[in-house]
Amino acid sequence: ADRAAFAERCGTSFDYLRQIAYGERTCRESIAINLERESLGALRCEVLRPDVDWAYLRSSASTPA
């Protein structure tokens, strides 16, 4: 039940998270963000999707428009 609730808070299913964990699927960027948020930083976007330039996005978030 806890796993399903965690997956729901992340906007996906537990089965999709299991497929990511076992390397069967690539995590979508939006799910990576949700996973980092819901895990309180235990899961990092940079680890889930190393192909995305997260440093650019993180630095642009603190820069005024």
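Visitor: Where is the place of Gln 19?

Guide: Gln 19 sits in helix H2. Helices here are DSSP runs of H or I with at least four residues, numbered from the N terminus. Keep in mind that this is a predicted model, where local features need pLDDT of at least 70, side-chain atom pairs count only at pLDDT 80 or more, and totals for chains, interfaces and linings use all residues. Residues are numbered from 1 along each chain as its sequence is written, and side-chain values use heavy atoms, with hydrogens and water left out.

Visitor: Why is Gln 19 called buried?

Guide: Buried means under 20% relative accessible area (over 50% is exposed, in between is partly exposed; 1.4 Å probe, protein chains only). Gln 19 has 15%, so buried is the word for it.

Visitor: And what does Gln 19 contact, leaving aside its neighbours within four places in sequence?

Guide: Glu 24 and Arg 25. Contact means heavy atoms within 4.5 Å.

Visitor: Which residues of H2 are buried?

Guide: In H2, residues 14-21, they are Tyr 16, Leu 17, Gln 19 and Ile 20.

Visitor: What puts them on the same side of H2?

Guide: They cover an arc of only 160° around the axis, so they share one side of H2. That arc is taken from the directions from the helix axis to the C-beta atoms.

Visitor: What covers them?

Guide: The cover includes helix H1 (2-9) and helix H3 (29-38).

Visitor: What makes Thr 12 count as buried?

Guide: Its relative accessibility is 18%, under the cut-off, so Thr 12 counts as buried too. Thr 12 lies in the loop between H1 and H2. Not counting residues up to four places away in sequence, Thr 12 touches Ala 7, Leu 17 and Ile 31.

Note on methods. Helices (H or I, at least four residues) and strands (E, at least two) are DSSP runs, numbered from the N terminus.
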